Each structure stands twice: as C-alpha cells, then as structure tokens.
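Open your viewer and get ready to select residues by number. This tour goes one stop at a time.

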Amino acid sequence: MIQQGLKLLLFICSVCFAVQSFSANLFSAENQKEGISVVVIDPGHGGRDLGASFGNVLEKNIVLDIALKLGTTIKENYPDIKVVYTRTTDVFIPLYRRAEIANKNEADLFISIHVNAVGARSVQGTETFVLGLHRNDDNLEVAKKENAVILLEDDYNTTYEGFDPNSPESYIMFETMQEEFQGQSVMLASSIQNEFRDYAKRIDRSVKMAGFLVLRETTMPSVLIETGFISHSGERQYLSSEAGRTRLAYAVFRAFREYKSAIEQRSSFHLVTEAEVQPVNIQSTGSAPSELPLAQSGSQAPKQKTDDVFYTVQIMALTRKMEATPANFKGEQNIFRVEGQNLNRYFSGNFKTIEEAEQEQRRISPKYPNAFVVAFKNNKLISVKKVSEQ
C-alpha cells in the first residue's frame, strides 16, 4: 500500500511538472489584443493521418475543404483579417506544430475542424469542444481519438513529456490547468452550435469540455469542432456533399461574425462615454423601455430627469439587424433592439436596480452565455461602473 502511495505521489509530481512546462509560454489574458485581427484555422489530420474514415470517405479531406471555405468567407467579408491555415494541402502536421503556428502568428482565435465516428451508427449531430477536463466517458473517448495522432509523430514521448493519449491518468493535467481563455472559447462554441442547429439544421449535441492537446498548447481562445459523424449514413452523405460542406463552413462563419462583434463591443464597452451611443430606433418583442424614444412607432420620448437610470442585459451585438420577435430570440418576450451607427444591440428586460438586472443575466445566460449587465442614463448607454461612481 505504501509503495502504491509513493508511485501515486511520483505520478502527481510528474503531472505538475508537465503542467508547468506546458503553461510556460502562455500569454496573460490581460495582455490579449482587443478585437480580432488574426484567425488560425486548423483542418484536422492530413497526410498519413487519415482521421476518421468510412470506406472512401476520409475525415482529412472533408475538414480541409470546410476549413478552406471558412477561411475564404472570412477574407471576403473582412479583408483586413489575416487568415492562417495550419495546412492547405494533404500533408501531415504534428499537433504541437499546429498550436505553434497559432502562437507564432499571435492569433486572436484558433478554430480546429474535425469529423467524428463511433461504432454505434445511429449516433449523429455536431458538437463543439473547449479545453477542460472531460466530465463523462464519451468526451474522453473523443479526446483520446484526436490526441492519438501524436503516436504517428517521431519521438512523441519526449515532445509531449510522457503524455499517453490512451491513459486516463494522463488527463489529470487538464484538471489543474489555468483556463485563461475558457469564457471566450465557450462564447464562440455556443454561437457555433446555435448556427449549426438553426442555420445548418443539424442535430445539436451541445458545447462540451475535454482534454485536447492541440487546444492545450494554444495561447488564445480556441475551439475544436466535430462537424458530424461519418459513421452515420445520413451525415456521411451530407459531409460528402459540396452543399453540406459549404453550409457547415458558412454556419461557422456566421458564429465567427457574431463572436467578433460581441468581443469588439465588449472590448470597447469599458471605454464608453456619455455620447458614445444615441439610440435612434427601438424595436421590441414586448414593452420597450419608456426611457427610450420609440422612433419606429412614431411616439415621442417622454421628458425625463437627467439622472434617470435603468439597467438591462445585453445579450448580443450584431452588425446585421434582426427583428425583435420571440421567434428570433429563443422564445424571449422582452427583447428590445437599439440601433447605433454601425451596430445593433439587443437587450433583455428593463430594471430599476442592478440586482434585478443581474438576476435576469443569470436567468438568460443558459441561452446567451455572453450576456452582461449594462445601464442607460438619459437615453444613452453608459458603463455600470460609471453609474456606481455617481
């Protein structure tokens, strides 16, 4: 028993050393650039690493096409964004090299694209992973399959410091990691799953956590997307089709677009001034706040005191305009839209106290994980911190 205890202690020490070494080059979240200027897209597998396969249908080919379509769409819509691929042809790229490409390019976002396969041919749907400790055996099995590619690398035991992709004990390191970018990763992952479900009409298997080496070594918000199961006949046919791959790529782009808007809005929100927003047009699913001008209905805003303040919860900010109807906002009845110069902001509720708004944020966060509390004063969006200082 004592001998077993000593072995366990030595193993834990070795894991702690591995975690320290893996984390040595992490950038501080406080030093992260505002906005999105560099995106690294990672088509999984390649070359001698076929990935998941079923007959002549190979994961490495499917994900390369989806990745190239995604990158092309990003460049067409955002010419100023630098898009970097970990591979553009059928070549083998080690996992550490994929993360290295993202880190050296100082990427703001890392998107790894994959296809899944299991023995049970009835399983189908999309799922998006962020880095973390697996909470069930299914997530562990997905991580094992994706991490097993290191077995094709030369001297992988040295490169990954003894990590064994098939040993559950090796994954302890993911429990002790510092998850600096998990919040933003979950935000993007949630948007991707929403678009897969609502736009691409795929079965939503949700956002999940698991220990992926390729995500472990990146130093920016990162996601790993499983775009479907080629072991399922219907999804295999969809993934093999040009139309299916195009739609999946565009679904990821739509999520990227929403994420980019939300991140850039959140980055600039802390610098907001009294004159930053002049809400000139409101549209709501229920009762729009009385403090704001109802320009669409033609009614005139009531006169108010300059110190009148109300709180609400911003659930998203998009360049495109969406009708504030329950159908567009997951059944929510009290959504209103404020149109700015280049951005449409969407809010839920109208509250007199910040405590009420925080309660609303907790309620709606399962539907909109990136929701946060904001304040309006005299028809202008201001920071909550500024209200508390007054």
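Does Arg98 count as buried or exposed? Select Arg98 and look: with 1% relative accessibility, Arg98 counts as buried. Here buried means under 20% relative accessible area, exposed means over 50%, and partly exposed lies in between, using a 1.4 Å probe and protein chains only.

Before moving on, note that this is a predicted model, where local features need pLDDT of at least 70, side-chain atom pairs count only at pLDDT 80 or more, and totals for chains, interfaces and linings use all residues. Residues are numbered from 1 along each chain as its sequence is written, and side-chain values use heavy atoms, with hydrogens and water left out.

**Stop 1: helix 3**

Select residues 95–104, which make up helix 3. Helices (H or I, at least four residues) and strands (E, at least two) are DSSP runs, numbered from the N terminus. Colour the buried residues of this helix: Leu95, Arg98, Ala99, Ile101 and Ala102. They sit on the same side of helix 3, because they cover an arc of only 150° around the axis. That arc is taken from the directions from the helix axis to the C-beta atoms. Now step past the helix to Glu106, which follows helix 3 and has a positive phi, near 50°.

**Stop 2: Arg98 and Asp42**

What does Arg98 form with Asp42? The two form a salt bridge, with the closest N and O atoms 2.6 Å apart. A salt bridge is a side-chain nitrogen of Lys or Arg within 4 Å of a carboxyl oxygen of Asp or Glu. This pair links distant parts of the chain: Arg98 is in helix 3 and Asp42 is in strand 1 (residues 38–43), 56 residues apart. Asp42 is buried too, at 1% relative accessible area.

**Stop 3: Asp90 and Lys60**

Select Asp90 and Lys60. Their salt bridge has its closest N and O atoms 2.9 Å apart. Asp90 lies in the loop between strand 4 (82–85) and helix 3, and Lys60 in helix 2 (residues 59–77), so the pair ties together parts 30 residues apart in sequence. Asp90 is partly exposed, at 40%. Lys60 is buried, at 8%.

**Stop 4: helix 10**

Go to residues 354–364, helix 10. Arg363 forms a salt bridge with Glu360. These residues are three apart, so about one helical turn separates them. Arg363 is partly exposed, at 43%, while Glu360 is buried, at 10%.

**Last stop: a network**

Select Asp65, Lys69, Glu242 and Arg245, which are linked in a network of salt bridges. The count of salt bridges comes to 15.
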